[in-house]
Amino acid sequence: LGQNLHYFEEVESTQTIAHRLAREGAPSGNVVLADHQQAGKGRLGRSWFSPKGTGLWMSLLIRPHIPLTSVPQLTLLTSVAVLRAVKQLVSIPLHIKWPNDVLCGQKKVAGILTELDAEADRVGYVIIGIGINVNQQEEEFPTELRTKATSLRIEAQKALSRKELAIAILQEWEKLYGLYEQSGFGPVKTLWEAHTCSLGQHIVARTPHGQVEGIARGITDEGVLLLEDGQGTMHKIYSADIET
Ligand code: BTN
């Protein structure tokens, strides 16, 4: 991972560049990093605030030999890698909100966006976008984000090296992916469960097919969230906006 590292001062989105590299045949493990994104992309079609010089904006190109239904596992694996890497550098309390937001308290420090190219049931490639608020000061966040987002610097009360953090993430990711290739999703799932704040919580999930409300009971072996509604029916949530 990261033997081919593409660094840009300014891009629209590192995701777009990584997709282009993938279509041009770049091998698994290519990494795209940018200092500034003009049009950073978030989950569910949102935009991602990506100011210059303070965040870690990075996309990984992976060509995994897994079925389409296993792709959510990679997103969960990445959230664990991000959390562990951050913990190497600062000791602040962090947890994961399903599927892959990394929070400090109620505020988001990192988000992950997984996009894929697939044909029938075969995964061509996966682009895993990682966005981390590293060195922003509170006043640098737009007002509407201040109650929802924070940075590592605000929480740890010291600035961090984005380079060290990027290296730690790539190392943690490789370690976890090695474990995943060798032993399957089980051990990664256990780690994810140990770091999440979502399980046992009452949540409202807004999915593309409507709203489901209930208690988050667990994740499946595929990495899908199991939500039990008031009638005791278990729903599988593949993709949603979660409110607690
Ligand atoms: C989310 O909505 O939580 C996901 C945010 C993902 C942001 C990262 S920043 C690097 C990569 N490039 C993008 O345009 N988005 C992802």
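Modeller: A crossing of two helices is right-handed if the near helix is turned clockwise from the far one by less than a right angle. Keep that in mind while reading this predicted model.

Biologist: How many helices and strands does the protein have?

Modeller: There are 5 helices and 12 strands.

Biologist: What describes two packed helices?

Modeller: Two packed helices are described by the angle between their axes and the distance between the axes. Here, the axes of H2 (residues 71-89) and H4 (residues 162-183) cross at roughly 135° and come within 8 Å. Angles over 145 degrees would count as roughly antiparallel, so H2 is oblique to H4. The crossing of H2 past H4 is right-handed.

Biologist: Which residues of H2 and H4 meet?

Modeller: On the H2 side they include Leu77, Val80, Ala81 and Arg84. On the H4 side, Leu165, Ile169, Glu172 and Trp173 are among them. Sorted by class, this contact of H2 with H4 has 14 nonpolar, 2 polar and 3 charged residues.

Biologist: Which residues come nearest to the ligand?

Modeller: They are Ser13, Gly42, Gly111, Gly129 and Gly131, out of 21 residues around the ligand. The shell around the ligand has 11 polar, 6 nonpolar and 4 charged residues. Helix H1 and strands E3, E6 and E7 each supply at least two residues of that shell.

Biologist: What radius of gyration does the protein have, and what would a compact globule have?

Modeller: A compact globule of 244 residues would have a radius near 18 Å. The protein has 17 Å, which agrees. Along the principal axes, its C-alpha atoms fill a box of roughly 50 × 40 × 30 Å.

Methods:
Residues are numbered from 1 along each chain as its sequence is written. This is a predicted model: local features need pLDDT of at least 70, side-chain atom pairs count only at pLDDT 80 or more; totals for chains, interfaces and linings use all residues. Axes are lines fitted to C-alpha atoms, for helices over the stretch in contact, and angles run from 0 to 180 degrees between N-to-C directions. Helices (H or I, at least four residues) and strands (E, at least two) are DSSP runs, numbered from the N terminus. Angles under 35 degrees count as roughly parallel, over 145 as roughly antiparallel, 65 to 115 as roughly perpendicular and the rest as oblique. Two residues are in contact if their C-beta atoms, placed from the backbone, lie within 7 Å. Ala, Val, Leu, Ile, Met, Phe, Trp, Tyr, Cys and Pro count as nonpolar, Asp, Glu, Lys and Arg as charged, and the others, Gly among them, as polar. A residue is near a molecule or strand if its C-beta atom, placed from the backbone, lies within 6 Å of it. The radius of gyration is taken over C-alpha atoms; the globule rule is 2.2 Å times the number of residues to the power 0.38.
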